[in-house]
Amino acid sequence: MLGLLDEDHLHALASEAVDRRGALRRAGALGAHALLTSVPLALASAVRSVFGQATPPTVTEVLNFALTLEYLEAEFYRQLNASGVPSSREQVVFEAIAAHEQAHVDFLRATLGADAVAAPTFDFTAGGLFDPFNPDRIGPDPDYLKLAQAFEDLGVRAYKGQVANLLGTDVLDAALRIHSVEARHAAFVRSLRSFDPWINRAENTTAVPAFDAVYRGEDEQRQFVRAINLRVNINLPDAYDEPLTGEEVVAVLDRFIV
Amino acid sequence: MPSDPNCAVSHRAVSRRRFLRLGGVAASAAVLAACDSDNEDSDGIEPEDEVVFDFATDFGVLNFALALAQVQAALYTTTTQAPYVGAQTEEQALLDQMLAHENDHRRFLRTAIETAGATPIPALRVDLRTVSFTDRTSVLTTAQQLEDLSVAAYNAAALAVSDPDWLTILGKIVSVEARHATAIRGLIGGDTLFAIGAEDDPATQAVDPGTGLERASSLAEILDRAAPFFTAPLRAVNLPS
(Lines give C-alpha, C1' and ligand atoms only; values in the text may rest on other atoms or scores of the structure.)
Protein backbone atom coordinates (compact mmCIF):
# COMPACT_ATOMS: atom_id res chain seq x y z
CA MET A 1 0.00 0.00 0.00
CA LEU A 2 1.49 3.29 1.04
CA GLY A 3 5.13 4.04 1.32
CA LEU A 4 4.66 4.71 4.98
CA LEU A 5 8.33 4.87 5.72
CA ASP A 6 8.82 7.70 3.31
CA GLU A 7 8.42 10.57 5.72
CA ASP A 8 7.30 13.23 3.29
CA HIS A 9 4.83 10.90 1.72
CA LEU A 10 3.59 9.88 5.11
CA HIS A 11 3.18 13.37 6.41
CA ALA A 12 1.34 14.43 3.29
CA LEU A 13 -1.02 11.51 3.60
CA ALA A 14 -1.43 11.93 7.29
CA SER A 15 -2.28 15.59 6.89
CA GLU A 16 -4.84 14.62 4.35
CA ALA A 17 -6.19 12.03 6.74
CA VAL A 18 -6.44 14.59 9.51
CA ASP A 19 -8.25 16.95 7.18
CA ARG A 20 -10.59 14.17 6.31
CA ARG A 21 -11.19 13.40 9.93
CA GLY A 22 -11.97 17.03 10.53
CA ALA A 23 -14.36 16.87 7.66
CA LEU A 24 -15.69 13.68 9.11
CA ARG A 25 -16.55 15.33 12.39
CA ARG A 26 -18.28 18.15 10.60
CA ALA A 27 -20.12 15.73 8.37
CA GLY A 28 -21.43 13.85 11.35
CA ALA A 29 -22.77 10.35 11.29
CA LEU A 30 -24.26 10.61 7.85
CA GLY A 31 -20.99 10.66 5.98
CA ALA A 32 -18.81 8.89 8.49
CA HIS A 33 -18.78 5.46 7.04
CA ALA A 34 -18.07 6.54 3.50
CA LEU A 35 -15.15 8.70 4.53
CA LEU A 36 -13.54 6.07 6.70
CA THR A 37 -13.62 3.43 4.01
CA SER A 38 -10.37 4.90 2.83
CA VAL A 39 -8.47 2.74 5.23
CA PRO A 40 -4.89 3.52 4.27
CA LEU A 41 -5.54 7.13 5.13
CA ALA A 42 -7.08 6.20 8.43
CA LEU A 43 -4.14 3.98 9.20
CA ALA A 44 -1.68 6.65 8.16
CA SER A 45 -3.40 9.01 10.52
CA ALA A 46 -3.20 6.63 13.42
CA VAL A 47 0.38 5.86 12.60
CA ARG A 48 1.48 9.43 12.19
CA SER A 49 0.70 10.13 15.78
CA VAL A 50 2.17 6.91 17.02
CA PHE A 51 5.27 8.04 15.14
CA GLY A 52 4.82 11.49 16.62
CA GLN A 53 8.09 13.00 17.66
CA ALA A 54 6.92 15.73 19.99
CA THR A 55 3.58 14.65 21.33
CA PRO A 56 2.47 11.21 22.43
CA PRO A 57 -0.39 9.65 20.51
CA THR A 58 -3.91 9.98 21.80
CA VAL A 59 -5.63 6.98 23.31
CA THR A 60 -7.86 6.82 20.24
CA GLU A 61 -4.84 6.65 17.97
CA VAL A 62 -3.22 3.93 20.04
CA LEU A 63 -6.41 1.89 20.07
CA ASN A 64 -6.88 2.26 16.32
CA PHE A 65 -3.30 1.10 15.85
CA ALA A 66 -4.09 -1.94 18.02
CA LEU A 67 -7.35 -2.47 16.18
CA THR A 68 -5.54 -2.61 12.84
CA LEU A 69 -3.23 -5.26 14.20
CA GLU A 70 -6.17 -7.23 15.58
CA TYR A 71 -8.03 -6.95 12.28
CA LEU A 72 -5.01 -8.52 10.63
CA GLU A 73 -4.75 -11.36 13.12
CA ALA A 74 -8.48 -12.09 13.18
CA GLU A 75 -8.69 -12.15 9.39
CA PHE A 76 -5.56 -14.27 9.12
CA TYR A 77 -6.95 -16.97 11.41
CA ARG A 78 -10.39 -16.74 9.79
CA GLN A 79 -8.89 -17.44 6.38
CA LEU A 80 -6.56 -20.05 7.81
CA ASN A 81 -9.36 -21.97 9.50
CA ALA A 82 -11.41 -21.88 6.28
CA SER A 83 -8.48 -23.12 4.19
CA GLY A 84 -8.24 -26.74 5.23
CA VAL A 85 -4.51 -26.26 5.65
CA PRO A 86 -4.02 -26.85 9.40
CA SER A 87 -4.21 -30.34 10.82
CA SER A 88 -7.46 -31.04 12.66
CA ARG A 89 -5.52 -31.02 15.91
CA GLU A 90 -3.99 -27.63 15.17
CA GLN A 91 -7.27 -26.24 13.98
CA VAL A 92 -8.92 -26.81 17.37
CA VAL A 93 -6.43 -24.37 18.86
CA PHE A 94 -6.46 -21.98 15.90
CA GLU A 95 -10.25 -21.72 16.24
CA ALA A 96 -9.77 -20.61 19.85
CA ILE A 97 -7.05 -18.16 18.87
CA ALA A 98 -9.29 -16.80 16.11
CA ALA A 99 -12.04 -16.31 18.67
CA HIS A 100 -9.63 -14.44 20.94
CA GLU A 101 -8.51 -12.14 18.13
CA GLN A 102 -12.08 -11.47 17.04
CA ALA A 103 -12.98 -10.69 20.65
CA HIS A 104 -10.09 -8.21 20.72
CA VAL A 105 -11.44 -6.61 17.55
CA ASP A 106 -14.92 -6.42 19.06
CA PHE A 107 -13.60 -4.97 22.30
CA LEU A 108 -11.53 -2.29 20.58
CA ARG A 109 -14.34 -1.37 18.19
CA ALA A 110 -16.79 -1.10 21.07
CA THR A 111 -14.33 1.05 23.02
CA LEU A 112 -13.60 3.31 20.07
CA GLY A 113 -17.20 3.59 18.95
CA ALA A 114 -17.48 5.97 16.04
CA ASP A 115 -13.73 6.61 16.11
CA ALA A 116 -12.89 3.03 15.12
CA VAL A 117 -11.07 2.65 11.83
CA ALA A 118 -12.55 0.24 9.32
CA ALA A 119 -10.85 -3.04 8.53
CA PRO A 120 -8.28 -2.85 5.75
CA THR A 121 -8.18 -5.40 2.95
CA PHE A 122 -5.44 -7.88 3.65
CA ASP A 123 -3.24 -9.86 1.32
CA PHE A 124 -1.58 -12.65 3.26
CA THR A 125 0.52 -13.60 0.28
CA ALA A 126 2.18 -10.18 0.64
CA GLY A 127 2.16 -9.81 -3.10
CA GLY A 128 3.19 -13.39 -3.75
CA LEU A 129 5.89 -13.74 -1.12
CA PHE A 130 3.83 -16.30 0.83
CA ASP A 131 1.29 -18.95 -0.05
CA PRO A 132 -0.15 -19.71 3.37
CA PHE A 133 -3.62 -21.04 2.57
CA ASN A 134 -2.78 -23.37 -0.32
CA PRO A 135 -3.38 -26.98 0.73
CA ASP A 136 -1.05 -28.12 -2.04
CA ARG A 137 1.82 -26.12 -0.60
CA ILE A 138 2.12 -27.52 2.90
CA GLY A 139 5.73 -28.47 3.35
CA PRO A 140 7.55 -29.44 6.51
CA ASP A 141 7.73 -25.80 7.61
CA PRO A 142 4.61 -24.23 6.11
CA ASP A 143 4.09 -20.54 5.50
CA TYR A 144 0.96 -20.35 7.63
CA LEU A 145 2.93 -21.18 10.76
CA LYS A 146 5.66 -18.69 9.89
CA LEU A 147 3.06 -15.99 9.40
CA ALA A 148 1.21 -16.91 12.59
CA GLN A 149 4.44 -16.79 14.56
CA ALA A 150 5.53 -13.48 13.10
CA PHE A 151 2.11 -11.88 13.65
CA GLU A 152 1.93 -13.06 17.26
CA ASP A 153 5.51 -12.12 18.14
CA LEU A 154 4.87 -8.77 16.44
CA GLY A 155 1.65 -8.31 18.40
CA VAL A 156 3.45 -8.83 21.70
CA ARG A 157 6.03 -6.17 20.83
CA ALA A 158 3.40 -3.82 19.41
CA TYR A 159 1.26 -3.78 22.55
CA LYS A 160 4.35 -3.52 24.71
CA GLY A 161 5.38 -0.46 22.77
CA GLN A 162 2.08 1.26 23.51
CA VAL A 163 1.30 0.44 27.14
CA ALA A 164 3.18 3.49 28.39
CA ASN A 165 0.94 5.64 26.19
CA LEU A 166 -2.06 4.16 28.02
CA LEU A 167 -0.75 4.79 31.54
CA GLY A 168 -3.50 6.15 33.73
CA THR A 169 -6.30 5.31 31.31
CA ASP A 170 -9.18 2.88 31.70
CA VAL A 171 -8.01 0.78 28.77
CA LEU A 172 -4.55 -0.03 30.17
CA ASP A 173 -5.96 -3.06 31.99
CA ALA A 174 -7.44 -4.55 28.82
CA ALA A 175 -4.34 -3.73 26.77
CA LEU A 176 -2.14 -5.57 29.26
CA ARG A 177 -4.51 -8.52 29.28
CA ILE A 178 -4.48 -8.69 25.48
CA HIS A 179 -0.70 -8.36 25.50
CA SER A 180 -0.18 -11.45 27.65
CA VAL A 181 -2.68 -13.46 25.61
CA GLU A 182 -0.75 -12.58 22.44
CA ALA A 183 2.36 -13.89 24.18
CA ARG A 184 0.58 -17.17 24.95
CA HIS A 185 -0.41 -17.46 21.29
CA ALA A 186 3.11 -16.62 20.14
CA ALA A 187 4.65 -19.23 22.41
CA PHE A 188 2.20 -21.85 21.17
CA VAL A 189 2.92 -21.25 17.50
CA ARG A 190 6.67 -21.19 18.10
CA SER A 191 6.36 -24.53 19.88
CA LEU A 192 4.37 -25.98 16.95
CA ARG A 193 7.33 -25.03 14.78
CA SER A 194 9.66 -26.79 17.27
CA PHE A 195 11.36 -23.58 18.33
CA ASP A 196 11.70 -22.29 21.86
CA PRO A 197 8.50 -20.56 23.02
CA TRP A 198 10.52 -17.42 23.73
CA ILE A 199 12.74 -15.39 21.43
CA ASN A 200 16.41 -16.27 21.62
CA ARG A 201 18.44 -13.10 21.37
CA ALA A 202 17.09 -11.43 18.19
CA GLU A 203 16.80 -14.61 16.18
CA ASN A 204 14.24 -14.56 13.38
CA THR A 205 13.29 -18.22 13.34
CA THR A 206 10.92 -17.70 10.43
CA ALA A 207 14.07 -17.18 8.31
CA VAL A 208 11.97 -14.81 6.19
CA PRO A 209 13.87 -11.53 5.68
CA ALA A 210 10.55 -9.65 5.62
CA PHE A 211 10.22 -10.57 9.29
CA ASP A 212 13.69 -9.54 10.40
CA ALA A 213 12.10 -6.37 11.74
CA VAL A 214 9.82 -8.44 14.00
CA TYR A 215 12.89 -9.61 15.90
CA ARG A 216 15.33 -6.73 15.51
CA GLY A 217 16.36 -5.29 18.85
CA GLU A 218 15.03 -8.22 20.87
CA ASP A 219 18.55 -8.65 22.23
CA GLU A 220 18.57 -5.20 23.82
CA GLN A 221 20.34 -5.30 27.15
CA ARG A 222 20.10 -1.70 28.31
CA GLN A 223 17.05 -0.83 30.38
CA PHE A 224 16.17 2.74 31.24
CA VAL A 225 13.93 4.54 33.68
CA ARG A 226 14.40 8.07 32.45
CA ALA A 227 12.57 9.92 35.22
CA ILE A 228 15.12 8.79 37.79
CA ASN A 229 18.09 8.54 35.42
CA LEU A 230 18.27 4.82 35.98
CA ARG A 231 20.16 2.61 33.60
CA VAL A 232 20.54 -1.09 34.35
CA ASN A 233 21.75 -3.78 32.00
CA ILE A 234 20.13 -7.18 31.89
CA ASN A 235 22.31 -10.23 31.31
CA LEU A 236 20.02 -12.56 29.38
CA PRO A 237 17.93 -10.92 26.64
CA ASP A 238 15.85 -14.08 26.16
CA ALA A 239 14.25 -13.38 29.54
CA TYR A 240 12.73 -10.10 28.29
CA ASP A 241 10.62 -9.19 25.29
CA GLU A 242 11.37 -5.75 23.91
CA PRO A 243 8.84 -3.23 22.58
CA LEU A 244 8.58 -1.97 19.02
CA THR A 245 7.50 1.51 18.03
CA GLY A 246 4.34 2.05 16.05
CA GLU A 247 6.48 2.90 13.05
CA GLU A 248 8.36 -0.37 13.25
CA VAL A 249 5.17 -2.38 13.59
CA VAL A 250 3.42 -0.66 10.71
CA ALA A 251 6.43 -1.24 8.47
CA VAL A 252 5.80 -4.98 8.89
CA LEU A 253 2.00 -4.78 8.66
CA ASP A 254 2.24 -2.64 5.56
CA ARG A 255 3.21 -5.58 3.39
CA PHE A 256 -0.05 -7.34 4.16
CA ILE A 257 -2.39 -4.40 3.62
CA VAL A 258 -3.69 -3.89 0.10
CA MET B 1 24.86 -15.31 52.35
CA PRO B 2 25.96 -16.66 55.70
CA SER B 3 29.57 -15.82 54.79
CA ASP B 4 28.67 -12.14 54.79
CA PRO B 5 28.93 -10.92 58.38
CA ASN B 6 26.85 -7.83 57.69
CA CYS B 7 24.13 -9.95 56.28
CA ALA B 8 24.00 -12.26 59.29
CA VAL B 9 23.79 -9.29 61.62
CA SER B 10 21.05 -7.67 59.66
CA HIS B 11 18.98 -10.82 59.59
CA ARG B 12 19.18 -11.12 63.33
CA ALA B 13 18.25 -7.51 63.67
CA VAL B 14 15.34 -7.83 61.34
CA SER B 15 14.03 -10.98 62.90
CA ARG B 16 13.24 -9.00 66.03
CA ARG B 17 11.05 -6.60 64.17
CA ARG B 18 7.34 -7.15 64.01
CA PHE B 19 6.98 -5.72 60.54
CA LEU B 20 9.37 -5.49 57.69
CA ARG B 21 8.16 -2.77 55.45
CA LEU B 22 9.48 -3.10 51.93
CA GLY B 23 9.23 -1.01 48.87
CA GLY B 24 9.00 2.27 50.66
CA VAL B 25 11.70 4.26 52.32
CA ALA B 26 11.53 2.59 55.71
CA ALA B 27 14.94 2.67 57.32
CA SER B 28 14.37 -0.65 59.04
CA ALA B 29 14.70 -2.53 55.78
CA ALA B 30 17.71 -0.68 54.49
CA VAL B 31 20.20 -2.98 56.12
CA LEU B 32 18.83 -5.85 54.07
CA ALA B 33 19.88 -4.34 50.79
CA ALA B 34 23.33 -5.82 51.01
CA CYS B 35 22.02 -9.21 51.99
CA ASP B 36 19.94 -10.24 49.08
CA SER B 37 21.52 -13.26 47.57
CA ASP B 38 21.14 -15.57 44.64
CA ASN B 39 21.20 -18.44 47.07
CA GLU B 40 17.66 -19.45 47.96
CA ASP B 41 19.02 -21.53 50.80
CA SER B 42 20.49 -18.56 52.56
CA ASP B 43 18.83 -17.44 55.71
CA GLY B 44 15.74 -15.50 54.88
CA ILE B 45 13.70 -13.60 57.36
CA GLU B 46 12.16 -15.56 60.17
CA PRO B 47 8.74 -17.06 59.50
CA GLU B 48 7.03 -14.75 61.93
CA ASP B 49 8.21 -11.66 60.13
CA GLU B 50 5.58 -10.28 57.89
CA VAL B 51 6.66 -9.09 54.46
CA VAL B 52 4.84 -5.93 53.51
CA PHE B 53 4.67 -4.72 49.95
CA ASP B 54 3.84 -1.06 49.82
CA PHE B 55 2.16 -0.41 46.50
CA ALA B 56 2.22 3.33 47.13
CA THR B 57 5.53 3.36 45.26
CA ASP B 58 6.67 1.61 42.12
CA PHE B 59 9.22 -0.22 44.23
CA GLY B 60 6.47 -2.10 46.05
CA VAL B 61 5.39 -3.45 42.68
CA LEU B 62 8.94 -4.34 41.71
CA ASN B 63 9.56 -6.06 45.02
CA PHE B 64 6.42 -8.12 44.60
CA ALA B 65 7.65 -9.15 41.16
CA LEU B 66 11.00 -10.02 42.73
CA ALA B 67 9.29 -12.25 45.29
CA LEU B 68 7.48 -14.17 42.56
CA ALA B 69 10.70 -14.58 40.58
CA GLN B 70 12.32 -15.97 43.72
CA VAL B 71 9.75 -18.71 44.18
CA GLN B 72 9.83 -19.64 40.50
CA ALA B 73 13.61 -19.77 40.52
CA ALA B 74 13.49 -21.96 43.63
CA LEU B 75 11.14 -24.42 41.93
CA TYR B 76 13.22 -24.59 38.75
CA THR B 77 16.49 -24.81 40.67
CA THR B 78 15.26 -27.80 42.61
CA THR B 79 13.77 -29.65 39.68
CA THR B 80 16.70 -29.07 37.34
CA GLN B 81 19.17 -30.24 39.98
CA ALA B 82 17.15 -33.40 40.68
CA PRO B 83 14.84 -34.07 37.75
CA TYR B 84 11.55 -35.86 38.24
CA VAL B 85 11.07 -39.45 37.14
CA GLY B 86 10.84 -39.74 33.37
CA ALA B 87 12.19 -36.28 32.60
CA GLN B 88 12.90 -35.93 28.88
CA THR B 89 15.98 -34.13 27.61
CA GLU B 90 13.89 -31.66 25.65
CA GLU B 91 11.73 -30.62 28.59
CA GLN B 92 14.75 -30.39 30.84
CA ALA B 93 16.26 -27.95 28.35
CA LEU B 94 13.14 -25.80 28.59
CA LEU B 95 13.19 -25.90 32.39
CA ASP B 96 16.89 -24.99 32.39
CA GLN B 97 16.14 -21.93 30.28
CA MET B 98 13.19 -20.92 32.44
CA LEU B 99 15.44 -21.12 35.50
CA ALA B 100 17.98 -18.89 33.77
CA HIS B 101 15.22 -16.41 32.88
CA GLU B 102 13.87 -16.27 36.42
CA ASN B 103 17.35 -15.84 37.84
CA ASP B 104 17.93 -12.97 35.46
CA HIS B 105 14.62 -11.38 36.50
CA ARG B 106 15.76 -11.64 40.11
CA ARG B 107 19.13 -10.09 39.43
CA PHE B 108 17.69 -7.36 37.26
CA LEU B 109 14.86 -6.41 39.64
CA ARG B 110 17.14 -6.40 42.64
CA THR B 111 19.77 -4.35 40.87
CA ALA B 112 17.22 -1.93 39.50
CA ILE B 113 15.61 -1.39 42.90
CA GLU B 114 19.00 -0.91 44.55
CA THR B 115 20.35 1.35 41.84
CA ALA B 116 17.27 3.49 42.16
CA GLY B 117 18.07 3.93 45.83
CA ALA B 118 15.24 1.81 47.18
CA THR B 119 15.36 -1.41 49.13
CA PRO B 120 14.90 -4.81 47.52
CA ILE B 121 13.40 -7.64 49.53
CA PRO B 122 15.90 -10.18 50.78
CA ALA B 123 15.91 -13.74 49.49
CA LEU B 124 12.67 -14.91 51.03
CA ARG B 125 12.35 -18.41 52.42
CA VAL B 126 10.31 -20.37 49.92
CA ASP B 127 7.90 -23.15 50.89
CA LEU B 128 7.65 -25.87 48.26
CA ARG B 129 6.83 -28.71 50.63
CA THR B 130 3.63 -29.48 48.77
CA VAL B 131 5.62 -30.32 45.65
CA SER B 132 6.69 -33.90 45.07
CA PHE B 133 9.89 -33.33 43.13
CA THR B 134 10.09 -36.91 41.87
CA ASP B 135 6.66 -36.58 40.29
CA ARG B 136 6.44 -34.89 36.88
CA THR B 137 2.80 -33.90 37.29
CA SER B 138 3.39 -32.35 40.69
CA VAL B 139 6.34 -30.29 39.48
CA LEU B 140 4.77 -29.16 36.23
CA THR B 141 1.40 -28.39 37.76
CA THR B 142 3.08 -26.22 40.36
CA ALA B 143 5.11 -24.52 37.67
CA GLN B 144 1.96 -23.86 35.68
CA GLN B 145 0.21 -22.38 38.71
CA LEU B 146 3.17 -20.12 39.40
CA GLU B 147 3.57 -18.97 35.80
CA ASP B 148 -0.14 -18.26 35.39
CA LEU B 149 -0.16 -16.52 38.75
CA SER B 150 2.84 -14.49 37.72
CA VAL B 151 1.16 -13.30 34.53
CA ALA B 152 -1.94 -12.25 36.44
CA ALA B 153 0.27 -10.63 39.08
CA TYR B 154 2.22 -8.55 36.57
CA ASN B 155 -0.96 -7.52 34.78
CA ALA B 156 -2.52 -6.41 38.06
CA ALA B 157 0.63 -4.87 39.51
CA ALA B 158 1.28 -2.87 36.35
CA LEU B 159 -1.88 -0.92 37.08
CA ALA B 160 -0.27 0.29 40.30
CA VAL B 161 2.84 1.64 38.57
CA SER B 162 3.18 5.36 38.06
CA ASP B 163 6.29 5.61 35.86
CA PRO B 164 5.83 4.75 32.16
CA ASP B 165 9.30 3.22 31.90
CA TRP B 166 8.69 0.85 34.81
CA LEU B 167 5.39 -0.06 33.16
CA THR B 168 7.20 -0.94 29.94
CA ILE B 169 9.82 -2.93 31.84
CA LEU B 170 7.12 -4.94 33.61
CA GLY B 171 5.67 -5.57 30.15
CA LYS B 172 9.00 -6.94 29.00
CA ILE B 173 8.91 -9.52 31.76
CA VAL B 174 5.23 -10.47 31.78
CA SER B 175 5.17 -11.63 28.18
CA VAL B 176 8.06 -13.96 28.87
CA GLU B 177 6.14 -15.28 31.89
CA ALA B 178 3.19 -15.92 29.56
CA ARG B 179 5.54 -17.75 27.21
CA HIS B 180 6.73 -19.84 30.15
CA ALA B 181 3.14 -20.62 31.09
CA THR B 182 2.47 -21.83 27.57
CA ALA B 183 5.64 -23.92 27.54
CA ILE B 184 4.69 -25.61 30.81
CA ARG B 185 1.09 -26.10 29.72
CA GLY B 186 2.39 -27.66 26.51
CA LEU B 187 4.54 -30.05 28.50
CA ILE B 188 1.49 -31.05 30.51
CA GLY B 189 -1.12 -31.26 27.80
CA GLY B 190 0.57 -31.15 24.39
CA ASP B 191 -0.58 -28.96 21.53
CA THR B 192 -4.12 -28.53 22.78
CA LEU B 193 -6.42 -25.78 24.01
CA PHE B 194 -4.83 -26.26 27.41
CA ALA B 195 -1.51 -25.00 26.04
CA ILE B 196 -2.88 -21.53 25.32
CA GLY B 197 -4.95 -21.39 28.51
CA ALA B 198 -8.21 -21.81 26.61
CA GLU B 199 -9.39 -25.04 28.24
CA ASP B 200 -13.00 -25.24 29.43
CA ASP B 201 -12.16 -25.60 33.12
CA PRO B 202 -12.61 -22.16 34.69
CA ALA B 203 -10.46 -23.24 37.63
CA THR B 204 -7.33 -23.24 35.49
CA GLN B 205 -8.37 -21.33 32.36
CA ALA B 206 -6.01 -18.40 31.73
CA VAL B 207 -7.92 -16.65 28.96
CA ASP B 208 -11.53 -15.55 29.23
CA PRO B 209 -13.18 -17.12 26.17
CA GLY B 210 -15.78 -14.38 25.91
CA THR B 211 -13.40 -11.41 25.85
CA GLY B 212 -10.13 -12.99 24.75
CA LEU B 213 -8.52 -11.21 27.70
CA GLU B 214 -6.17 -12.76 30.22
CA ARG B 215 -8.16 -13.62 33.32
CA ALA B 216 -7.56 -10.98 35.94
CA SER B 217 -7.37 -11.10 39.72
CA SER B 218 -6.98 -8.36 42.23
CA LEU B 219 -3.59 -7.96 43.85
CA ALA B 220 -5.17 -8.99 47.14
CA GLU B 221 -6.34 -12.28 45.60
CA ILE B 222 -2.97 -12.81 43.98
CA LEU B 223 -1.19 -12.27 47.27
CA ASP B 224 -3.46 -14.87 48.87
CA ARG B 225 -2.59 -17.35 46.15
CA ALA B 226 1.13 -16.59 46.39
CA ALA B 227 1.23 -16.71 50.19
CA PRO B 228 1.45 -20.52 50.58
CA PHE B 229 4.73 -20.50 48.65
CA PHE B 230 6.45 -18.37 51.30
CA THR B 231 7.13 -19.11 54.94
CA ALA B 232 6.68 -15.46 55.87
CA PRO B 233 3.21 -13.94 55.80
CA LEU B 234 2.77 -11.53 52.91
CA ARG B 235 0.82 -8.33 53.18
CA ALA B 236 0.08 -5.58 50.73
CA VAL B 237 -0.65 -2.00 51.68
CA ASN B 238 -1.80 0.91 49.58
CA LEU B 239 -3.26 -1.36 46.92
CA PRO B 240 -4.71 0.47 43.93
CA SER B 241 -8.45 0.81 44.19
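The model is predicted. Chain A contains 9 helices and 2 strands, and 48% of its 258 residues count as buried. Between the two chains, 50 residues of chain B are in contact with 54 residues of chain A.

**Chain A: overall arrangement**

- Read from the N terminus, the elements of chain A follow the order α-α-α-α-α-α-α-α-β-β-α.
- Among contacts in chain A with a separation of 6 or more, 66% involve residues 24 or more positions apart.

**Chain A: the β-hairpin**

- Strand β1 (residues 222–225) and strand β2 (residues 230–233) of chain A run antiparallel and are joined by 4 bridges.
- Within this pairing, A:Arg222 stands opposite A:Asn233 of β2(A).
- The two strands, β1(A) and β2(A), form a hairpin with 4 residues between them.
- In the turn, A:Asn229 has a positive phi of about 55°.

**The side of chain B that touches chain A**

- The contact involves 50 residues of chain B and 54 residues of chain A.
- Helices α3 (89–115), α4 (136–158) and α5 (164–189) of chain B each supply at least two residues of the side that touches chain A.
- The largest share of that side, 18 residues, comes from α5(B).
- By class, the side of chain B that touches chain A has 26 nonpolar, 16 polar and 8 charged residues.

- Helix α2(B), residues 58–81, has 24 residues and reaches 34 Å from its first C-alpha to its last, close to the 34 Å expected at 1.5 Å a residue.
- Helix α2(B) is mostly covered, with 20 of its 24 residues buried.
- The end C-alpha atoms of α3(B) are 38 Å apart, which agrees with the 39 Å that its 27 residues should span at 1.5 Å a residue.
- After α3(B) comes B:Gly117, whose phi is positive, near 90°.

**The largest nonpolar core**

- The largest nonpolar core has 139 residues, of which B:Ala65, B:Ala153, B:Tyr154, B:Ala157, B:Leu170 and B:Ile196 touch the most other members.
- Helix α2(B) provides the largest share of this core, 14 residues.
- Leaving aside residues up to four places away in sequence, B:Ala157 touches B:Val61, B:Phe64, B:Ala65, B:Leu170 and B:Leu219.

Conventions:
Residues are numbered from 1 along each chain as its sequence is written. Chains are lettered from A and ligands numbered from 1 in the order in which they are written. This is a predicted model: local features need pLDDT of at least 70, side-chain atom pairs count only at pLDDT 80 or more; totals for chains, interfaces and linings use all residues. The expected span of a helix is 1.5 Å times one less than its number of residues. A residue is buried if 20 or more other C-beta atoms lie within 10 Å of its own, exposed if 12 or fewer, and partly exposed in between; C-beta atoms are placed from the backbone. Two residues are in contact if their C-beta atoms, placed from the backbone, lie within 7 Å. Ala, Val, Leu, Ile, Met, Phe, Trp, Tyr, Cys and Pro count as nonpolar, Asp, Glu, Lys and Arg as charged, and the others, Gly among them, as polar. A nonpolar core is a set of buried Ala, Val, Leu, Ile, Met, Phe, Trp, Tyr and Cys residues joined through C-beta atoms within 7 Å. Two strands pair if DSSP finds at least two bridges between them.
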